[in-house]
Amino acid sequence: MSSERTKASEEQIAYAKVLNIGMWFGLLVLVVTFFAYISGSISCFVSIEDLPKYWTMKAKDYIHACSAPTGWGWTGHIGRGDYMNFIGIVILSGLTILCYLVVLPILIRKKDRPYVIIAIAEIAVLVLAASGLLKSGGH
Amino acid sequence: MVPHYSKILIQVFIIFTLLCAAGVAFAWADVQEASASAAVSSNVPSIPWWVWPTMLFVVTFVLGILAVLGGVGGGVLFVPIVGGFFPFHLDFVRGAGLLVALSGALAAGPGLLKRNLASLRLSLPVALIASSAAIVGAMIGLALPTEVVQTLLGLTILFIVLIMGIAKKSDFPHVPRPDNLSQSLGIMGIYREESIGKDVEWSVHKTPHGLALFIVIGIMAGLFGLGAGWANVPVLNLMMGAPLKISVATSKFLLSITDTSAAWVYLNQGAVLPMIVVPSIVGIMLGSIVGVKILAKAKPRAIKWMVIGLLLFAGLRALLKGLAIWK
């Protein structure tokens, strides 16, 4: 029998709720856009038939060979079948940032200073990763 | 009845997995042949495009089942097996591997948090360290030559096999005294342990050591796109002293944060192809659902050893591919 002592904290429940809704929404968008993509009803940036020529390449070579966008450049091709799939991928990848933003006010209200700092730092790390500012060199 | 059922299941899995492996091997041989002739002619492989995503879906579906029954994350099976036996470049496989592990963690996260098995207080400090390190790992991985990453991946998978084979787990580790850092952060909790019908209070120790190890774990997660449950659980359970259930659940939830940061790096550098990502995510998720249903009826221990065998084979394949011995 579950008692009051074993209940999850307010911030934990809030985090779980946003995660649950966002995950199903992101997954639904991902599956719908993928079927639109493979149905061939929408034009693609790289045609599906040509894709096997490119997926054996290193990512960097693929970008050069197709002049494919990097960072948030895909938003300029959002109407294309292949890049439409990025909407779902970005929802799933960005969900954690949203969860932290939901939890942050609760931590502030509870005056949980160490965790407020940790949450802000995590949001900063994730936003930096998502920004596309970080680039690796390469061979 | 149940052991008989288990035996049949194991046999079905072995046959199905072998068939999938054989299918992939035959198709791969055809692609190699096509690539050789394509170099001379039009550079278009003879296999229709839809064969690979379909095969990917089937293989990841099986991997999803095996992952649940073998008690491992999907990412750790996905990267070496798909990287070793499919024609996709390792960059795209690692990018997809991170998103596969991320999706599994996102799906499991809400339930684990609500049941108070995954601890946000334990996760948040660990996640900050691991996710920062995962970004570094992802950047290193995309910068290194493929054969180096492939070789390191092979060695890592073999190391994971070793850990899976010998590591002990402790349901309720003894924590003599929580360390100062965990006390000041309030990393502790209570959860209901249904198997013994009691509320279990837990705390952790050696937090600074654990956090230091999560730097390494984060780098490896980003570098190889593996997910990191194989490393998270031993550190949380054996080193920091969190109960096994808390460690497993918190580890699963942690992946949703750690892998997110690395996934963004792969996404921004063009190392994500929806044609690889979506069938893999859907395949693994459906496979996991079926795996959970099978797990409820039978618990074949042999599956764990089959997963270890599969990983051993995939690890050797990655190592030999990286060393250009088995192309």
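Some ground rules. Residues are numbered from 1 along each chain as its sequence is written, and chains are lettered from A, ligands numbered from 1, in the order in which they are written. Because the model is predicted, local features need pLDDT of at least 70, side-chain atom pairs count only at pLDDT 80 or more, and totals for chains, interfaces and linings use all residues.

Confidence comes first. pLDDT is the predictor's confidence in each residue, from 0 to 100. Chain A has a mean of 93, and 96% of its residues reach 70 or more.

Now the interface. How many residues of chain A are in contact with chain B? There are 57, and they meet 58 residues of chain B. Contact here means that the two C-beta atoms, placed from the backbone, lie within 7 Å. On the chain A side, five helices each supply at least two residues: α1 (10-39), α2 (51-54), α3 (59-66), α4 (81-109) and α5 (113-131). The largest share, twelve residues, comes from α1(A). By class, the chain A side has 32 nonpolar, 17 polar and eight charged residues. For those classes, Ala, Val, Leu, Ile, Met, Phe, Trp, Tyr, Cys and Pro count as nonpolar, Asp, Glu, Lys and Arg as charged, and the others, Gly among them, as polar.

Stay with α1(A) for a moment. At 1.5 Å a residue, its 30 residues should span 44 Å, and its end C-alpha atoms are 44 Å apart, which agrees. The expected span is 1.5 Å times one less than the number of residues. After α1(A) comes A:G40, with a positive phi near 80 degrees.

Next, a residue in a chain A loop. Most residues other than glycine have a negative phi. A:K111 is not a glycine, yet its phi is positive, about 55 degrees. It lies in the loop between α4 and α5 of chain A. Is A:K111 buried or exposed? A:K111 is exposed, because it has 7 other C-beta atoms within 10 Å. The cut-offs: buried is 20 or more other C-beta atoms within 10 Å of a residue's own, exposed is 12 or fewer, partly exposed is in between, with C-beta atoms placed from the backbone.

Over to chain B. B:N116 also has a positive phi, about 65 degrees, and is not a glycine. B:N116 sits in the loop between α4 and α5 (120-143) of chain B. B:N116 is buried, with 22 other C-beta atoms within 10 Å.

The overall fold of chain B: twelve helices and two strands. From the N terminus, the order is α-α-α-α-α-α-α-β-β-α-α-α-α-α. Of its 327 residues, 56% count as buried. Residues 24 or more positions apart account for 82% of the contacts with a separation of 6 or more.

B:A107 is in helix α4 (residues 90-114) of chain B. B:A107 is buried, with 21 other C-beta atoms within 10 Å. Which residues does B:A107 touch, leaving out those up to four places away in sequence? They are A:M23 and B:M285.

B:A133 is in helix α5 of chain B. B:A133 is buried too, with 23 other C-beta atoms within 10 Å. Beyond four places in sequence, B:A133 touches B:I215, B:G218 and B:I219. The C-alpha atoms of B:A133 and B:F214 are separated by 8.0 Å.

The axes of α8 (residues 207-224) and α9 (residues 229-239) of chain B come within 10 Å and cross at roughly 170 degrees. So α8(B) is roughly antiparallel to α9(B), a label for angles over 145 degrees. Axes are lines fitted to C-alpha atoms, for helices over the stretch in contact, and angles run from 0 to 180 degrees between N-to-C directions. B:F214 of α8(B) is one of the contact residues, and α9(B) contributes B:A231, B:N232, B:V235 and B:M239. The contact residues divide into six nonpolar, three polar and no charged.

Technical notes:
Helix = DSSP H or I, 4+ residues; strand = E, 2+ residues; numbered from the N terminus. Parallel < 35°, antiparallel > 145°, perpendicular 65-115°, else oblique.
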